[in-house]
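Please look over the structure below.

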Amino acid sequence: MNAKDILEQLVGFPSVVGTPNGDIVAWVKGYLESHGATVTVLPGPEGDRANLFATIGPKDKPGYILSGHMDVVSASEQTWTSEPFRLRTEGDQLFGRGASDMKGFLAAALAGLPAMAKMPLSRPIHFAFSYDEEAGCRGVPHMLQRMGNLCAPPLGAIIGEPSSMVAIRGHKGKAAARIEIRGATGHSSRPDKGLNAIHAMTAVMNVTLQTIDALRNCALDQNFEPPYSTLQIGTISGGRSVNIIPDLCIVELEARAVPGVSPTVLLEPIKAAAEASENDGFRTTWEISSTYPALSLDVDAPLARLMEGLTGASTLAAVSYGTEAGLYQAAGIDAIICGPGDIARAHRANEFIRLGELIACQEMILRLAETLRD
């Protein structure tokens with residue numbers, strides 16, 4: 001099977017984030033084993049989805065990880081012009097949910113496996129495919145916890161997010177939180193008899209806006225756009241009717257932090273503001289729904305130099321979106337981003353990847369394997 005054939009199979013699995021992924025895991029496992037790879041399926045605590053780790057070559061030697069996620073965002077957009085979970089070809093463009101983000105990279109890596117299996121590798125190449133990356137990188141931490149039993153300490157990890165095949169050394173860290181404030185309901189004609197949860201949340205939102213303004217002048221890093229850490233309120237809900245005192249208000253927000261700044265620390269003033277409402281009789285719940293650290297790989301790191309040789313281009317310092325790469329680095333494994341496709345095509349209708357991008361990625365992976373031959 002070539003990369004396009006494999007991509008067609010992968011796109012055909014509607015492996016939407018937060019849903020069971022047994023079908024795609026089983027298919028990938030069967031393909032890998034058919035070409036001699038050693039495969040370990042790593043079920044997550046949810047019970048209905050799993051990570052997958054596989055090795056070609058001597059697993060007791062340090063090698064390189066090809067890392068990607070099997071999940072995709074939903075395809076609920078109304079403007080798709082074809083079935084999102086069926087690969088459609090139009091010229092050199094291959095359309096389907098996940099084509100760029102990031103089943104294209106998985107397909108290119110798997111397409112290179114038969115050639116790698118025939119090489120006398122002195123060091124291994126590992127395939128680390130995760131779940132629920134699109135929900136804040138929830139799957140890969142469970143795989144990283146098992147890494148010491150799966151392989152020798154790796155030399156580095158290539159995270160194949162769509163980057164137009166340019167290797168990227170940095171990204172911001174992220175933390176997302178959910179706040180609930182509960183008050184007491186009643187008729188709106190007697191607000192003195194209730195506790196208005198929306199009014200209480202307004203104070204929390206004001207602190208959020210003040211923090212946003214302050215961040216524009218703190219910890220600047222010109223490698224990023226924007227060059228500072230950011231906060232955003234993403235959703236707010238509450239209330240049932242204009243004449244009923246709202247007893248519940250829920251806000252979801254996120255922080256994205258430049259390297260050297262903890263995204264969870266950025267959220268602490270907002271958490272404190274929410275908890276302060278308890279002094280007035282409200283009840284609050286604070287939950288960190290997802291978090292991952294920033295990535296910052298030195299320009300002269302061996303992995304960065306290796307990727308310059310494999311791609312024929314200089315590395316890029318940073319992007320503002322996040323990936324699993326920061327978690328690999330936090331686990332002591334050098335990581336870098338490099339994959340086919342364009343992030344601008346992701347998370348929207350008529351997502352596509354170009355056939356030439358798939359081929360270029362497969363060729364880069366095979367050049368990596370050539371450096372590991374006896």
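Buried means under 20% relative accessible area, exposed over 50%, and partly exposed in between (1.4 Å probe, protein chains only). The model is predicted: local features need pLDDT of at least 70, side-chain atom pairs count only at pLDDT 80 or more, and totals for chains, interfaces and linings use all residues. Residues are numbered from 1 along each chain as its sequence is written, and side-chain values use heavy atoms, with hydrogens and water left out.

Helices (H or I, at least four residues) and strands (E, at least two) are DSSP runs, numbered from the N terminus. Lys174 sits in strand E9 (residues 173–182). Lys174 is buried, at a relative accessible area of 14%. Two of its pairings are listed here.

| Pair | Value |
|---|---|
| Lys174 and Glu254, side chains | polar contact, 3.4 Å |
| Lys174 and Gly322, C-alpha to C-alpha | 7.3 Å, 148 residues apart in sequence |

A polar contact is a pair of N or O atoms within 3.5 Å; within protein, one must be able to donate a hydrogen and the other to accept it, and residues adjacent in sequence count only if both atoms are side-chain atoms.

Now helix H5 (residues 140–150). Its buried residues are Val140, Met143, Leu144, Met147 and Leu150. They cover an arc of only 105° around the axis, so they lie on the same side of H5. The arc is taken from the directions from the helix axis to the C-beta atoms. Gln145, Gly148 and Asn149 are exposed on the face turned away from that buried side.
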